[in-house]
Amino acid sequence: MKLKILGSAAGGGFPQWNCACRNCSGLRAGKLHAQPRTQTQIAFSPDDHAWFLIGASPDLRAQLLCSPQLAPSPDSPGQVPIGGVFLPSADVDAAMGLLHLREFQTFFVFATAGVQRALRSENRIFKVLERGDPPVQWQVLSSRGRLGCHLSESPGELPTFVCNTIPLGGDYPDYVSDEFRRAAAPDDATVGFLIELEGKKIFIAPSLAGHTGEWQKLAASADLVLIDGTFWSSDELRRTGRTSKTAREIGHIPLSGADGLLAQFPADAQGRKILIHINNTNPILDEDSPEHRAVLEAGFEIAYDGLSISL
Ligand SMILES: [Zn+2]
């Protein structure tokens, strides 16, 4: 299995257009030892031909153009290697990129019923995906489910890969109506994925609220973990002055602290563990910072755009 990180930052990217925090200003001025990053986007391929996207980032068009393996072949015009998109949530940062895939293309979108309703009933703009012939195919994921995906047409064959979903405790995006929020299943709002292929497991949870410890079992069982590295501390975003909310209030367990991700991550996990969805305010982006050193010493890697992994 191949996996590529096309983008590794949280919403807004790094630097963020309206942010003058220490990181963003330092990067713009060339005074910070750090790499710019686009918004989180993951792609994986079970067979090196068909590719699947996890989320659809606002930077998706540019990210696809940087990835020759995701380009259409002149031998089969109209055919793209992208078979489908797995949506972890209906957040703008996870779903806006679908609008970059609107050029009369057919593909699958896998999402919970709640996420589908948020995108398709609360927003008419996603109807643009119905222009393909056949139109984009929306498939329902259970928030606690196991879906076998077949790339072969031959009947009776085992699935090429299996996608397990678990609820990660996030909330629906701000844009949904109060009526929607009252009726929607909370577990459908944000899900994580455990992809199984040829005995290998990848656990993907870019937005982890950490209200329950259910994620820890999956993280411990996986050969590769891509997990929420959004914030170092819970009040980090508040210090920018743009919001009064803490990291936890917007659905992200911070990295530091006794109840933070570094402390809560299962000590017996054997797999490779990579922090992704890193907010521009996070001090781990500064490669000379003690926080950057601390996560490396804890055995984590920090995702960067273009990171390719073979399992
Ligand atoms: Zn910033």
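## Zinc site, salt bridges and strand pairing

Arg 22 counts as exposed, at 60% relative accessibility; exposed means over 50% relative accessible area, buried under 20% and partly exposed in between, with a 1.4 Å probe and protein chains only. The model is predicted, so local features need pLDDT of at least 70 and side-chain atom pairs count only at pLDDT 80 or more, while totals for chains, interfaces and linings use all residues. Residues are numbered from 1 along each chain as its sequence is written, and side-chain values use heavy atoms, with hydrogens and water left out.

**Salt bridges**

The whole structure holds 10 salt bridges, each being a side-chain nitrogen of Lys or Arg within 4 Å of a carboxyl oxygen of Asp or Glu. In one of them Arg 22 pairs with Asp 286, with 3.1 Å between the closest N and O atoms. Helices (H or I, at least four residues) and strands (E, at least two) are DSSP runs, numbered from the N terminus.

Another salt bridge is formed by the side chains of Arg 144 and Glu 214, at 2.3 Å from N to O. Because Arg 144 lies in the loop between strand 6 (137-141) and strand 7 (146-149) and Glu 214 lies in helix 6 (residues 214-221), the pair ties together parts that are 70 residues apart in sequence. Arg 144 and Glu 214 also belong to a network of salt bridges that includes Asp 187.

Arg 272 and Glu 301 form a further salt bridge, with the closest N and O atoms 2.6 Å apart. Arg 272 is in strand 12 and Glu 301 in strand 13 (residues 300-302), so this pair ties together parts that are 29 residues apart in sequence.

| Residue | State | Relative accessible area |
|---|---|---|
| Asp 286 | buried | 6% |
| Arg 144 | partly exposed | 47% |
| Glu 214 | partly exposed | 30% |
| Arg 272 | partly exposed | 35% |
| Glu 301 | partly exposed | 28% |

**Zinc site**

The zinc ion has the protein donors Cys 19 (SG), Cys 21 (SG), Cys 24 (SG) and Asn 280 (OD1), at 2.1 to 2.3 Å. Donors are N, O and S atoms within 2.8 Å of the metal (3.2 Å for Na, K and Ca), and sites may look incomplete because water is not among the atoms. The angles among the 4 donor atoms run from 99 to 119°, and the site is tetrahedral, a label given to four donors if all angles lie between 85 and 135 degrees. For four tetrahedral donors the ideal angle is 109.5 degrees. Along the sequence the donor residues follow the spacing C-x1-C-x2-C-x255-N. Cys 21 and Cys 24 are both buried.

**Strand pairing**

Strand 3 (residues 51-54) is covered on both faces, with Trp 51 and Leu 53 buried on one side and Phe 52 and Ile 54 buried on the other. Strand 3 pairs with strand 2 (residues 41-45) in the antiparallel sense over 3 bridges; pairing requires that DSSP finds at least two bridges between the strands. Ala 43 has Leu 53 of strand 3 as its bridge partner. Strand 3 also runs parallel to strand 4 (residues 82-86), joined by 4 bridges, and here Ile 54 is partnered by Phe 86 of strand 4.

Strand 11 (residues 224-228) is largely enclosed by the rest of the structure, because 5 of its 5 residues are buried. Strand 10 (residues 200-205) and strand 11 run parallel and are joined by 4 bridges, with Val 225 in strand 11 as the bridge partner of Phe 203.

**Backbone geometry**

Most residues other than glycine have a negative phi, and most peptide bonds are trans. In the hairpin of strand 2 and strand 3, which has 5 residues between the strands, Asp 48 takes a positive phi near 70°. Asp 48 is partly exposed, at 43% relative accessible area. Phe 104 also has a positive phi, near 55°, and is located in the loop between helix 3 and strand 5. Phe 104 is exposed, with a relative accessible area of 53%.

The peptide bond from Phe 14 to Pro 15 is cis, its omega being near 0°; Pro 15 sits in the loop between strand 1 (2-7) and helix 1. A cis bond with omega near 0° also leads from Asp 133 to Pro 134, and Pro 134 is part of the loop between helix 4 (113-120) and strand 6.

How values were computed. Tetrahedral: all angles 85-135°; square planar, octahedral: opposite > 155°, others 65-115°.
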